[in-house]
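Student: I have a chain to go through with you. Could we take it strand by strand, then turn to the helices?

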Amino acid sequence: MQPLIDNARTFGQRPEEFAKLAEGQSPQVLFITCSDSRVVPALITGARPGELFELRTAGNIVPPYASQHPTSEAATIEYAVEVLGVRDIVVCGHSHCGAVGALVRGDDLTAVPAVRDWLAHATPRPAGAAEDPEVAEGVQAHVLTQLLRLRSYACIERKLAQGQLGLHAWYYEVHTGAVRAHRPQTDTFEAL
């Protein structure tokens with residue numbers, strides 16, 4: 001913890017670098033990814049403060065849209081699209097994902113009921129080899145499922161129909177730093 005505290009103490013000593021941020025934000029991209037500490041969107045993309053609007057969830061899950069009981073995730077997505085006017089949404093899964101790995105392996109999650117219930121939103125259960133520690137196949141299929149889920153949000157559907165929004169599926173390898181993007185033409189994830 002101490003290195004984090006030390007950095008936080010010196011971070012605010014450059015106010016000239018941050019003054020413009022007080023004027024507001026206008027990110028062009030909503031970046032939806034896992035809450036895993038090894039996945040750092042700004043590091044992966046090189047984004048500066050104000051350039052990415054981030055949504056981090058266990059397993060980068062996009063829950064179903066429910067207007068009667070809206071979720072924080074749905075509110076974040078709606079705000080990014082309708083208020084901030086993001087032009088692109090990236091759903092980025094990653095290798096060695098504990099959430100997707102648990103789903104692929106069919107782990108018993110009774111000891112963590114909130115996690116179990118959250119992961120229930122990941123249906124259908126991702127395919128993949130249970131013995132693969134990277135869970136690459138499972139994560140990639142899962143990311144594509146989350147993109148399909150996004151399309152069920154009214155604000156997303158409308159912006160897509162108007163040609164005002166792009167959806168992107170990425171796969172980040174935590175062990176190499178490589179990023180692969182889904183290519184719909186070949187239905188494969190290829191290096192950016």
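Student: Which residue in β5 does Tyr-171 stand opposite?

Tutor: This is a predicted model, where local features need pLDDT of at least 70, side-chain atom pairs count only at pLDDT 80 or more, and totals for chains, interfaces and linings use all residues. Residues are numbered from 1 along each chain as its sequence is written, and side-chain values use heavy atoms, with hydrogens and water left out. Three bridges join β4 to strand β5 (residues 179-183), and the two run antiparallel; strands pair if DSSP finds at least two bridges between them. Opposite Tyr-171 stands Arg-180.

Student: In β4, what is the bridge partner of Val-91?

Tutor: Strand β3 (residues 88-94) runs parallel to β4, joined by seven bridges. Strands here are DSSP E runs of at least two residues, helices H or I runs of at least four, numbered from the N terminus. The partner of Val-91 is Ala-169.

Student: How many residues of strand β4 are buried?

Tutor: Buried means under 20% relative accessible area, exposed over 50%, partly exposed in between (1.4 Å probe, protein chains only). Strand β4 (residues 166-172) is mostly covered. The buried count, out of seven, is six.

Student: How far apart are the end C-alpha atoms of helix α7?

Tutor: The expected span is 1.5 Å times one less than the number of residues. Helix α7 (residues 136-151) has 16 residues, so it should span 22 Å. In agreement, the end C-alpha atoms are apart by 23 Å.
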